[in-house]
Amino acid sequence: MLRFITSRTLQSLLALFVVITATFFMIRFVPGGPFTAEKAVTPEILANLEAHYGLNKPLWQQYLDYLGSLARGDLGPSFKYPNRTVNEIIADKLPVSAELGALALAFALALGITLGTCAAVYRNTWIDYTASAFGMIGISVPTFVIGPLLVLLCAIHLGWFNASGWYVPADRVLPALVLGFAYAAPISRLTRGGMLEVLHQDFIRTARAKGVSEFRIVTHHALRGGLLPVVSYLGPAVAGILTGSFVIETIFTIPGIGREFVNSAFNRDYTLVLGTVILYAVLIMALNLVVDIVQAWMNPKVRLEG
Amino acid sequence: MIWRVGNGTEPQDLDPQTVSGVPEHKLIMALFEGLVAENPRDLSPEPGVAERWEVSADGLVYTFHLRADALWSDGTPITASTFLRSYQRMLTPALAAEYSYLLHCVRGARDYNEGRLTDFSQVGFRAVDDRTLQITLQARTPYFLKLLASHYSWYPVPIHVIEKFHGLARKGTAWTRAGNLVGNGAFVLKEWRQQQILTVARNPHYWDRACVRLDEIHFYPVENQDTEERMFRTGQLDITYELPLAKIDVYRRENPAALRTEPYLGVYFYRFNLKRPPLSDRRVRRALALAVDRESLVQNVTRGGQAPAYSVSYPGTAGYSPRARLSGTVEDARRLLAEAGFPAGRGFPRLELLYNTSQNHRIIAEAIQQMWRRHLGIDISLRNEEWKVYLDSQDAMNFDLQRGGWIADYLDPHVFLEIWASSNLNNDTGFAHPDYDRLLAQALAAPDDATRYERYQQLDALLVEELPVLPLFYYTNVRAVSPRVRGYHHTLLDNHPPKYVWLE
Amino acid sequence: MNLPGAAAPAAPAEAEAGSSLWHDAWLRLRKNRLAVFGLWSLALVTLACVAGPWFSPYGYEEQQLDLGASGPGLRHWLGTDTLGRDLLVRLLTGGRVSLAVGLAATFVALTIGVVYGAVAGFVGGKRDAFLMRVVDIMYSLPFAIFVILLMVMSEEIAKRFNFGPSWRLVLLFVAIGAVEWLTMARIVRSQVMAVKKMEFIEAARSLGYGRRRIIFRHILPNILGPVIVYTTLTIPAVMLLEAFLSFLGLGVQPPMSSWGVLIKDGAEKMEEFPWLLIFPAGIFSLTLFSLNFLGDGLRDALDVRSSKD
């Protein structure tokens, strides 16, 4: 087991190195630099600017410098926001995205499991179809349509919430709903499949024969087994919610890391692009590692493949 | 009394010497003040840190007399040497201030900024005594006071604080954070939560504090126009940064009191690449320019009250209106195109029009593309590039036609004409006309504004004749402003000194 | 529309001709109302997009500036946009682009994924372990992020290689396809592993057939089911990704427009000109619904387990 974890961690580190290197050189290959501006500055001022940020050194030297400071945990200064370091920006924005993601996931799970369970219990009836169709809305209508529609309805016409922002607790509701909705459909599908399998097993029949109410059978006996497929989906879901939050963050002006990433790519804020990419890669790799370890622990055969 | 303002993107920083950008400008106007301030109605220079000033007869030496009660928000007095050291910092090569070229009109400033001169005492700034500052210019700069009043690169910075944070030659030290930042404007920084809110409160040490009526201003960075408009509608904002195109008609109909469409000192144009045939042919450029129906464009496409542009200079800039006017009919355009060898557009190469990725630029380009197809029988393809890539292409002149725009930094006709000089970095058309460069130099040397403006008339005539650019329309600012907001007057530069604003 | 019940009597005739696996699957699929609905609406939408623009009196670029945005009516069935362009014809031509992006990118993913997965599954052992480790590593890359970087970079790529105006569309296929092949490779590999152990492969091997013949003649046909299902589900995912890129201004470029671009434009004006959002979002969602229903139906019909991914 220890060997498995060590080898996986080493592989992840190698992958991380590839990601950093690829991103570093990719972003430099993109035309336009951090100081390209509409009102052109003189070549002398541009040279001063580049010297100020060490961009006048050869690229390989900058790359080594970057790796060096990265090893010390320093992601460098932001070009766009000179009085913030990338570390600070991430420390500032990540908790917001994490909170949004956690709420969205909670909503997705609640909705998905409810829909999936209903669909399984009432298999091939109109309830099943309605639940499937409802779940499908989430993966068939883009969030940038659902988002503004909900704002229009709940914020402007009904006046329940603020139109946007991240100031009071109520501001969390709409963005979390919209972001979570997209993940409810796969969860409901997995729940339905898992539940159907469990509901056909003997112990459920026994329980039924004993006269246990259907509601109790589902909540007390079937749900635990039926949710196993959902657990393995949590890894990809969390990764997707994390990297997919930028659209929601833009629509609702939420100060999260996703929006920061997209803006940094447009601003050519080299260090911030790298910092956010590294952050995402580390998060996703860590998630995969945890999922792998859990799976290996549950199923010893996987270990042989590692 | 709290004024809640939609302020576009998150500000980069609050250091007046290292930022560039409109959202930053609006914040700095609240936090700092220059030697000369702007009148809230017509932006004419009025006393700021300097209570009065004199100009020498040759227009080269400006002497400013600072007021005795000019203080930083921590109570430290502002003296002539504060300005001296501020300008020294601005020009320090290692600080790499993007706007340092705006100080280059001062004698020796450019040399110091570019490292050819290391002794700052040789630069044209002099502290005669604690309360007298003398600035000597390189050459006559008729618009110098306007520049001083309108551009924050001329504002003083709290050297005594910056020193503590080792920021004299470094950008982005912590001196601009809430709690550290010291300013001399009507307001002081109270709170700054990135991408959330930036709060400023009344400055108790401000010399004209009796005039200030607002207690606080809350600036909200909201990038998305639609989001911002919804925030205005739900009462989260008193004023928006801009207004989405589609909302203009709705406001006209349903909420006219809140809609403000105001002329803005800027021109929207298409650059021609004069180095590429057939655009090197003046007749072709003229044909393309004449075949655009500007009236239809502003009425049906841009729809924000813009005025069609038939010249490059903005009419009515500080008393100057160009007499030269692009005129001719669509028939003239067809004839010119035929003369250039493309009767009815036959044989005309497929040129490309470059614009930066944006819905508004796209629909304008699509409309003009159609006009050229209909009137001239030529097909132009559209190419959009993401902002930085587009700027890169502009700089490298990697385009046939390019959407461009020019917004004035200060209120003087010079701003629209200087960029077409052959040596100007923003020219980017390949337009190099010896007469043009000569006339521009003559204009600056002119003894009075009447003579100077006469030279500008000749320059504008030359531009309409040669057409290195195709002027389309003059900008407007369109935004929603709550009727409660008072003291917020229309100005051509869209500068609104916040110390005069109040709410009813 | 053909109701599933009405079609039932035709089944016995087909049963004699068809092989049992596919035929049974077809029968099961036909019983699934949602899947049948998906199949029909998909066919309709595709037909309309391909053929529709030919019958329209308007061109998709044709403007009537003085008309501007007008609601649905007799002359313009679905109304016009702010430049006075007919929405119906824009919707149909936009559909061509969206469907093309969906199909082409999925095809890219399909090709890479199937070949890669089949090879890995077939060679087995250490080489398989290595190939799959590569997939694992690529899985851990933040790919949404890379697609964004790639699309931002696309201008430079175009300049360097002197591509024409439609190259961006091609890049879009490749970028999206390159992201989506991973899951396909995993699915195919595990199927191949399972099939490989079956008796008829042993038989083929003992008869001395070459590897290539075994892979393409014996193994591939047996893994078709999961591949079809996954393909059907990849198309909507790809179309959604294209819409997101359009939201960021990184999608398909004018004069072409895709459903993603139309929806983005419409979402900005939904209060003033609701039809500009309703119709594009409606047809886009309908198509995605249909594909998802069809994919789900196929999954049930072909009895494919999804637990592997």
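In which helix of chain A does Val294(A) lie? Val294(A) belongs to helix α13 of chain A, which covers residues 270–298. Helices (H or I, at least four residues) and strands (E, at least two) are DSSP runs, numbered from the N terminus.

The model is predicted: local features need pLDDT of at least 70, side-chain atom pairs count only at pLDDT 80 or more, and totals for chains, interfaces and linings use all residues. Residues are numbered from 1 along each chain as its sequence is written, chains are lettered from A and ligands numbered from 1 in the order in which they are written, and side-chain values use heavy atoms, with hydrogens and water left out.

Chain A has 14 helices and 0 strands. Its C-alpha atoms fill a box of roughly 85 × 60 × 30 Å along the principal axes. Of its 306 residues, 54% count as buried. Buried means under 20% relative accessible area, exposed means over 50%, and partly exposed lies in between (1.4 Å probe, protein chains only). Chain A exposes about 13,000 Å², and carbon and sulfur atoms supply 68% of this area. Areas come from the Shrake-Rupley method with a 1.4 Å probe; for residues, only the protein chains shown count as cover. Among contacts in chain A between residues at least 6 apart in sequence, 73% join residues at least 24 apart. A contact means heavy atoms within 4.5 Å.

Val294(A) counts as partly exposed because its relative accessibility is 35%. Together with Met1(A), Val290(A) and Trp297(A), Val294(A) forms a nonpolar surface patch with about 410 Å² of accessible area. Patches are made of residues with over 30% relative accessible area and no salt bridge; like charges are joined within 9 Å, and nonpolar side chains (Val, Leu, Ile, Met, Phe, Trp, Tyr) within 5 Å. A salt bridge is a side-chain nitrogen of Lys or Arg within 4 Å of a carboxyl oxygen of Asp or Glu.

In chain B, 4 strands form an open sheet with mixed pairing, in the order β1-β10-β9-β8. Strands β1 (2–6) and β8 (187–193) of chain B each have a single partner strand, so one side of each is left without a neighbour in the sheet. Neighbouring strands of this sheet are turned by 20° against each other on average, direction ignored. Two strands pair if DSSP finds at least two bridges between them. β8(B) and β9(B) (residues 197–202) pair in the antiparallel sense over 6 bridges. Within β9(B), Leu198(B) is the bridge partner of Trp192(B). Helix α1(B) (residues 22–31) lies across β8, β9 and β10 (216–220) of chain B, at about 135° to β8(B). Axes are lines fitted to C-alpha atoms, for helices over the stretch in contact, and angles run from 0 to 180 degrees between N-to-C directions.

Strand β7(B) (residues 132–136) is mostly covered, with 5 of its 5 residues buried. Thr132(B), Gln134(B) and Thr136(B) are buried on one side, and Leu133(B) and Ile135(B) on the other. Strand β5(B) (residues 61–66) runs antiparallel to β7(B), joined by 5 bridges. There, Thr63(B) has Gln134(B) as its bridge partner. Strand β6(B) (residues 125–129) pairs with β7(B) in the antiparallel sense over 4 bridges. Arg126(B) stands opposite Gln134(B). A hairpin of 2 residues joins β6(B) to β7(B).

Helix α7(B) (residues 245–254) has Ala246(B), Lys247(B), Ile248(B), Val250(B) and Tyr251(B) as its buried residues. These pack against α6 (225–233), β11 (259–272) and β16 (469–480) of chain B, together with α12 (259–268) of chain C.
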